[in-house]
Amino acid sequence: GRFIRDGAYIDVPAGALSATANITVTVIDDGIPEVPGRKRVSLGYRFSPATLTFKRPATIAVPYLTDRVPKGVDPGTFDMRRNTSKDAYLALPGASVLPVGTVLTASSDRLGLFWATSPEQPAVSKVTLEPAEVFLRVNDTQQFNVTVTNLTCPLVAAGAVGFESMLKKPIEGSAPVSYTTI
């Protein structure tokens, strides 16, 4: 059956439990493990008892908070994390955003603490440098015009210039960048 609380739910399929179980959920916003390279975009939902496991995976759904999503990050890049005594912040496979609302679902074989994460910043799919190729000698300086586009696709390497290390975070649009050989 399905248990719903504060926008989150657990859907336990028939035959997943060998006996009747009481499941509770506690909503939290503190004490949730930080995931390197990810930003938490939901509250935490602790489904208990933590020792309960399923013969067939249950579907867990948690709502994400749009005001916590970094600008330009595609919800298709979100994942759901689970914290148990065995997993600090396991990424559950097959997480997906429901087509209606702001809810992320995933399957889990056990209860625990669940939350949604997104990349810390949008990915860059294309970096264009103009001029595309120049010859520089030691101590020469060249100005490039850089265009960063399509911030919601997987990262494409920026090439030998090392654009990623020159800017702290991606920018959208065009900007002049100077590069000096050493």
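Predicted model: local features only at pLDDT ≥ 70, side-chain atom pairs only at ≥ 80, totals over all residues.

Residues are numbered from 1 along each chain as its sequence is written, and side-chain values use heavy atoms, with hydrogens and water left out.

Switch to cartoon and you'll find one helix and 14 strands; these are DSSP runs numbered from the N terminus, with helices being H or I of at least four residues and strands E of at least two. Now for contacts, meaning heavy atoms within 4.5 Å. Among those between residues at least 6 apart in sequence, 69% join residues at least 24 apart.

**Stop 1: the open sheet**

Select β1, β2, β6, β10 and β9, in that order: these five strands form an open sheet with antiparallel pairing. Two strands pair here if DSSP finds at least two bridges between them. At the edges sit β1 (2–5) and β9 (96–97), each pairing on one side only.

Zoom in on β6. Seven bridges join it to β10, antiparallel, and three join β2 to β6, also antiparallel. Pick T59 to see both sides: it is the bridge partner of D11, and it stands opposite S107 in β10. Further along, T53 stands opposite R110.

While you're at this end of the chain, show R2 and Y9. R2 lies over the face of Y9, 4.0 Å from the ring centre; the rule asks for NZ of Lys or CZ of Arg within 6 Å of the ring centre and within 35 degrees of the ring normal.

**Stop 2: the core**

Next, show side chains for I10, F47, F54, V62 and M80. They have the most contacts inside the largest nonpolar core, which has 25 residues. A nonpolar core here is a set of buried Ala, Val, Leu, Ile, Met, Phe, Trp, Tyr and Cys residues joined through side-chain atoms within 4.5 Å. β2 (8–11), β5 (44–48), β6 (53–63), β10 (103–110) and β11 (113–119) each supply at least two of its residues, and β6 gives the largest share, four residues.

What does V62 touch beyond its neighbours within four places in sequence? Its contacts include A8, Y45, M80, L104, F114 and W115. Apart from this core lies another, of five residues, among them I28, I32, V35 and L113.

**Stop 3: two ring pairs**

Rings of Phe, Tyr and Trp (its six-membered ring) pair if their centres lie within 6.5 Å; planes under 30 degrees apart count as stacked, over 60 as edge-to-face and the rest as tilted. By that rule there are two aromatic pairs. In one, the ring centres of F47 and F114 are 5.8 Å apart and the planes are at 70 degrees, so the pair is edge-to-face. F47 is in β5 and F114 in β11, 67 residues apart. F47 is buried at 1% relative accessibility, and F114 at 0%.

For the other, select Y64 and F78: centres 4.8 Å apart, planes at 85 degrees, so again edge-to-face. Both sit in the loop between β6 and β7 (79–83), 14 residues apart. Y64 has a relative accessible area of 9% and F78 comes in at 5%, so both count as buried.

**Stop 4: β7 and its partners**

Colour β7: five of its five residues are buried. D79, R81 and N83 are on one side, M80 and R82 on the other, and both faces are covered. Five bridges join β7 to β11, antiparallel, with A116 as the partner of M80. β7 also pairs with β8 (residues 90–91) in the antiparallel sense over two bridges, one partner of R81 being A91. A hairpin of six residues joins β7 to β8.

**Last stop: T117**

Where is T117 found? In strand β11, and it is buried, with a relative accessible area of 1%. Its side chain makes polar contacts (N or O atoms within 3.5 Å; within protein, one must be able to donate a hydrogen and the other to accept it, and residues adjacent in sequence count only if both atoms are side-chain atoms). One goes to the side chain of R38 at 3.0 Å, another to that of D79 at 2.2 Å. Not counting residues up to four places away in sequence, T117 also touches V35, K39 and F78, among others.

Conventions: Buried < 20%, exposed > 50% of the residue type's maximum accessible area, 1.4 Å probe, protein only.
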